Amino acid sequence: MKALIETNLNGKRPTRQGKVRDIYDLGDKLFLVATDRISAFDWVNPTGIPDKGKILTQLSLFWFELMKDIVPNHLISAQLEDFPEEFQRQPEMFKDRSMYVQKCEMLPIEFVVRGYLAGSGWKEYKDKGTVCGIPLPAGLIEASKLPEPIYTPSTKAEEGHDINISPGDAGKIIGRELNQKAASVAIEIYKRAQEYALTRGIILCDTKFEFGLLDGELVLADEILTPDSSRFWPADQYSPGKNQPSFDKQFIRDYLESVKWDKNSPPPPLPPDIVEKTREKYLEAFTRLTGKTLL
């Protein structure tokens, strides 16, 4: 089983490469390919996780369908036969891991919604009793469920860490009215996803969304509610007061913490057992949430 690390279109490189996605600019459309690349500590690892890109794409498609009555999305099609002809000629590279989408005017904000106290939110709360400047009740512990989901935006960083900002600061960047509308939609999607995930034995701790404007209308873009963009916790192991087990790249983080790597230079390759354990976690999240096996 081989991981797909890079793509090309008849030998031509993609227009742009993110940490995971290869992007082909087709004018007023984009062709997004989820590779099997994986990042940790802001570095893309030289070792990929087989099928990861397919899992991310198929899970995003599942959620897009479930949320389409809340907000439209940028998807045109994820079916090979609907792709531009030159992409159809390379099915081994593009099938099941690609989305043909409308190009949007992307908003320069990550719309993060938190229902539980973890990660950078927990760190800020310990210091200040707030998350992104939002006051929270006293006495919460790590992984506490919040009284209500909260919108905690961040900037988008091309390299390095995104920076948490207050909802007010987000409004200054994109306009107060648009910010309020997108935040309201993000929270509504989170609440529906949280309720659904619980029926599948999964807690949705937090997640981030990306929105754009298409002909002036707000649309959901990029990926949605995947293990790369969300913290998924197994509900039967939930135990507040500590870091929770999760369906993500924690095996990779733990491995990289255990070796002598300074985090300032390219990371070492991952051993096969870490690759397989990580793949199994992603697959388990996909199967639990969708009730399907991978195509």
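Which residue in strand 7 is the bridge partner of lysine 29? That would be glutamine 102, and the rest of this report looks at what surrounds the pair.

## Ground rules

This is a predicted model, so to speak: local features need pLDDT of at least 70, side-chain atom pairs count only at pLDDT 80 or more, and totals for chains, interfaces and linings use all residues. Residues are numbered from 1 along each chain as its sequence is written, and side-chain values use heavy atoms, with hydrogens and water left out.

## The chain as a whole

The protein chain holds 8 helices and 16 strands (DSSP runs numbered from the N terminus: H or I of at least four residues for helices, E of at least two for strands). Its radius of gyration is 19 Å, close to the 19 Å that the globule rule gives for 295 residues, so the chain is as compact as a globular protein of that length. Here the radius is taken over C-alpha atoms, and the rule is 2.2 Å times the number of residues to the power 0.38. Along its principal axes, the C-alpha trace spans about 60 × 50 × 40 Å.

Buried residues make up 52% of the 295 (buried is under 20% relative accessible area, exposed over 50%, partly exposed in between, with a 1.4 Å probe and protein chains only). Take the contacts with a separation of 6 or more: 67% of them come from residues 24 or more positions apart (contact means heavy atoms within 4.5 Å).

Five strands line up in the order 1-2-3-7-6 as an open sheet with antiparallel pairing (two strands pair if DSSP finds at least two bridges between them). Strand 1 (16–17) and strand 6 (75–77) are at the edges with a single partner strand each, so one side of each has no neighbour in the sheet. Helix 1 (residues 52–67) packs on the sheet, touching strands 2, 3, 6 and 7, and its direction makes about 45° with that of strand 7 (98–102). Those axes are lines fitted to C-alpha atoms, for helices over the stretch in contact, with angles from 0 to 180 degrees between N-to-C directions.

Strand 2 (residues 21–25) and strand 3 (residues 29–34) pair over 5 bridges, with aspartate 22 facing valine 33 as bridge partner and isoleucine 23 partnered by leucine 32. The two strands make a hairpin with 3 residues between them, and glycine 27 in the turn has a positive phi of about 90°. Strand 3 also pairs with strand 7 over 5 bridges. What about burial? 6 of the 6 residues of strand 3 are buried, so it is largely enclosed by the rest of the structure; Lys29, Phe31 and Val33 cover one side, while Leu30, Leu32 and Ala34 are on the other.

Glutamate 6, in the segment before strand 1, is partly exposed at 46% relative accessible area. Glutamine 90 sits in the loop between helix 2 (85–88) and helix 3 (91–94) and is buried at 9%. Leaving out residues up to four places away in sequence, glutamine 90 touches Asn8, Leu9 and Asn10.
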